[in-house]
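Here's a quick briefing for anyone meeting this structure for the first time.

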Amino acid sequence: MHDPNPSEACFPGRRRPREGIEDVLDQKEARLGDLCMAVGSLGDALAYYRQALTKTTEDDVETRLEVILKASACLRRQGKTEEALTFVEGVDISFTGRCRRDLLAEKATLLCLLGRYGEAAQVCEDAQRNESGDEREKDAGIYLVLGHVLARLCKWRQAIVCLEQAATFGRMCGDTRTLGNALNNLGIVYKNLCRFKESARCLRKAVKAARQARDEGSLAVRLLNLANTLFKMGEIEEADRAIVECMRTASSLNIDRTRVLASICEARIEKARGALTEAERLIREAIAEAEQGEDPRTWLVGSETLGEVLLEKGDTAAARKVLEDCIDALSPHTKDVEAEVRSRLAEVYLRAGKKDDAVEMAAQAVRIAEEIGDLYEAGRAHRCLGIARVSSPEKEDHIARAKEIFRRIGAALELGITLRAEAGLRPRDREKSVACLKRALSIFERCGARRLRVRTLCDLAVAYELEQSHEKAMVCIEDARGEAAGNLEDTELLSQAGVRLDGLLARRLARSDDAAPSSVEAVFSHLKSRLHASALVFARLDEQDSPAIMRVSGISREASLTMAKMVAAKPANPFLSTDVSRMMACPGLPDSLNCLIGVRFGRQGGRGLLIACWPPAGASSIVRAHYEIRDILPVLERGLELSRGSGLPISIGGMLTADDKLKRILLSLSRLADSSAGILIMGETGTGKELIARAIHAMSPRAGHPMVVQNCAALPEQLLESELFGHKAGAFTGARSDKRGLLEIANGGTFFLDEIGEISPAMQAKMLRSIETGEIRRVGDTLTRPVDARFVSATNKNLEEEVEQGRFRKDLFYRLNVVSVKLPPLRDRVGDIEILAWLFLSRFARKVGKQIDGIRDDAMRALAAYDWPGNVRQLENEIERAVTMVRSGVPITPDLLSASITGGEDSDAPCSLKDELRMVEKRRILAALRECKWNKTHAARKLGNLSRPALIAKMKRLGIPLQPTD
């Protein structure tokens, strides 16, 4: 954030009144003008000064100059900078010496306020050109203006030299006003250089000097600059005190420009506190006033802040429009503001999901900020780059660079925001994520950034929940609720965090066969303690309302089933009893549990039952528990849904699945299709990589253009180069005419590179250049041709391992792998085998004209037990083979399947020893599970020296479903 030096009091270092000037100021008009100016009646003051000007003689040069400067100050304080410049330029007096320099200093000041820094620098040079050495040492006014101009032109070192000379002159002469102005401008320069401690030191001295001189106009400006510096340091409360005094002073004196800039600063403070509605109101009022004035820079700063507030409120579209308007309004003299605007716009693009645009805009912001020495904005842009490049190793470098910058310059608030962002980039490193969030939380508490503290507490609650620390998560939520204090915007954040926590609880609750059931028990115990219940039962209801116990705590499983049957049979919902022991006699039910609430919930196909029991309790306790149950039910309903799977299969892009993981991939294709980023599809042979690529093309804006497919393993290097890039006639033997390459044919469309891991290092280099430049060159040609194609690649190799081994270029891998899609093998989605088998049976039976009576159960079990190393393609071929061999009117039986699938000695395809052992192990486990009716404890005991968790781990490794599918 940049806050331009806003007022007339900061620039020229006027000398103390010359000898004899008191006689001039005895004039009635001049004295009345001074009085009006002191009370803020600037229009009246200007009128009196104009009258005084008409009554002074042209020979009295110094008197006329004093009146002219005061009249210009009146116009500037009213925001009429253009009018003030016209007034000063229209003065028809041949000033010489110091008077001429004072008039030129005023003109340079006005040009500065209008953003015409080149002209202002020229005026300053004109003033210095006619100075003698002695005069240059004695007059500080022109050096103050020149220092400001050089700062605006980002010539920081030269600016500091000029301003330090002015400050030295002020100390030597005891000129408090000149010293204060020099210190103020030095503070601004140090702020722009992100040397915040030095800036605050200079500005505090400047404020003290203004108080001593009783210069209210200068005081308002210096308080504004101090507030902006303190805000960047994260000292929000002290900044707020400074800005409140600044606004009060500026309002009383009618210094419009200072008041407008103070409103912008106050809006930033309110945004940091979380009062977004108030921040938006302040900034819109400030922008409206800036539009009426003649200060485009103030409008630009205000609009940039408005974009930031709108982004914080979640109105991404409005924020983008505001900031893009700012980009259009930038000029060569606003590089400092340009760095801010581009950095904010990069954050907007990132929030909107336009990562490529965000990276480009943030890179431009980094370049500009580093060029002008604005480390603060460079740090923000680096943070944005780190978040945008989340899938690239470079993200660590950008985040580390941002943290180092903010630590060095003392920008505590931005350091906290960066630590919070770093935690979000480390979802798997939970210990590191929690540590980052704790540090960020401490910083936000110290800075008084309430909304950021609420957000971080919500993030920390989720992080603790992922670590299964339920109590810590709840403490964080309660702290966040206390910080929110009923604020509507913060309440929404708490609601979102609650949904995320409930989702995590539901997922654990759904894992009834979890290999580590203690984590699920901890969730269930947490729900029980939340209700203050002595016993809790969670059951699933089938279509006949027969309960199946999923979780129970506090009573025996037998007693819980009896209670569930009783509650399910009652029509009342909720079912309430305060005398349970008399209603049912059940072993394992403690006599102390007399109060019961049973609630049925969910919809057909996903209905459940919750029962909570307590010792004798008052009516108020039961009512309170009932309302708490209503809050818990969504968690249980979601857990019930997850435990049953997500229902019917879906079909997208020719792929049919009921597997939740593959469903999420298919449902995300429409989002991937909208981008032009490179996509790498990974998966074993036969998993449907080309189908995914075709689905992405069909959903994309490029669907009207061709999709070109090339299997990189199908051709040798020389032919592959000619196929991809084309060739010129005579380039090699047999090249009789010019030929367009596949990349040219794919122009405007999608180019699918199958088996990309098979191309040679030389071809990798050529592909990389084409992707980076968007140009190709035919074999044997010197002319380059532009190509606009979206690259989608596929491989069954582990390209990361290939990169580590030096067999695949690292830079090409990152170009192709902007977005990665990993398709699960068929053995990891056993539930899809039956669905796909019926699909292929219907398709091939129709193709050959047979009426086939389905697939017999034992044949389907054999299909489900097989590993399918060739995945869906192998299953499709197997069903086609069976349909070819089966007679019409009969079902497919195991004897029609390949021996490798049924476990026979003969096999149509060779099988490795590893695969053979895997199949034997899988068949043994399935046989034991069926014999024990899928009781995993009994099955593990039957299989020998095997624990239940070890059995479940083997089932997951072998692709055996945790629940029976037949």
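## A charge over a ring

Lys232 places its charged end over the ring of Tyr376, 4.6 Å from the ring's centre. Keep in mind that this is a predicted model. Tyr376 also belongs to a cluster, joined to Phe196 and Phe406 through ring pairs.

**Aromatic pairs**

- Searching the whole structure turns up 6 aromatic pairs.
- Take Phe538 and Phe601: their ring centres are 6.4 Å apart and their planes sit at 20 degrees, so this pair counts as stacked, the cut-off being under 30 degrees.
- Phe538 is part of strand β1 (residues 535-541) while Phe601 is part of strand β4 (residues 595-603), so the pair ties together parts of the chain that are 63 residues apart in sequence.
- Phe538 has a relative accessible area of 0%, so it is buried, as that takes a value under 20%.
- Phe601 comes out at 7%, so it is buried too.
- Then there's Tyr866 with Trp868, an edge-to-face pair with 4.8 Å from centre to centre and 85 degrees between the planes.
- Tyr866 and Trp868 are both buried as well.

**Nonpolar cores**

- The largest nonpolar core is made up of 82 residues.
- Which residues have the most contacts inside that core? They are Ile236, Ile243, Ile409 and Leu413.
- Let's zoom in on Leu413: if you skip its neighbours within four places in sequence, its contacts are Phe231, Gly234, Ile236, Ala272, Ile443, Phe444, Cys447, Ala449 and Leu452.
- Another core, of 33 residues, lies apart from the largest one, and its members include Ala52, Ala71, Leu110 and Val149.

- You'll find Leu150 in helix α9, which covers residues 141-152.
- Is Leu150 buried or exposed? Its relative accessible area is 10%, and under 20% counts as buried, so Leu150 is buried.
- Not counting residues up to four places away in sequence, Leu150 touches Lys155, Gln158, Ala159 and Cys162.
- One of those, Cys162, is 12 residues from Leu150 along the chain, and the C-alpha atoms of the two are separated by 8.9 Å.

Technical notes
Residues are numbered from 1 along each chain as its sequence is written. This is a predicted model: local features need pLDDT of at least 70, side-chain atom pairs count only at pLDDT 80 or more; totals for chains, interfaces and linings use all residues. Side-chain values use heavy atoms; hydrogens and water are left out. Rings of Phe, Tyr and Trp (its six-membered ring) pair if their centres lie within 6.5 Å; planes under 30 degrees apart count as stacked, over 60 as edge-to-face and the rest as tilted. Helices (H or I, at least four residues) and strands (E, at least two) are DSSP runs, numbered from the N terminus. Buried means under 20% relative accessible area, exposed over 50%, partly exposed in between (1.4 Å probe, protein chains only). A charge sits over a ring if NZ of Lys or CZ of Arg is within 6 Å of the ring centre and within 35 degrees of the ring normal. A nonpolar core is a set of buried Ala, Val, Leu, Ile, Met, Phe, Trp, Tyr and Cys residues joined through side-chain atoms within 4.5 Å. Contact means heavy atoms within 4.5 Å.
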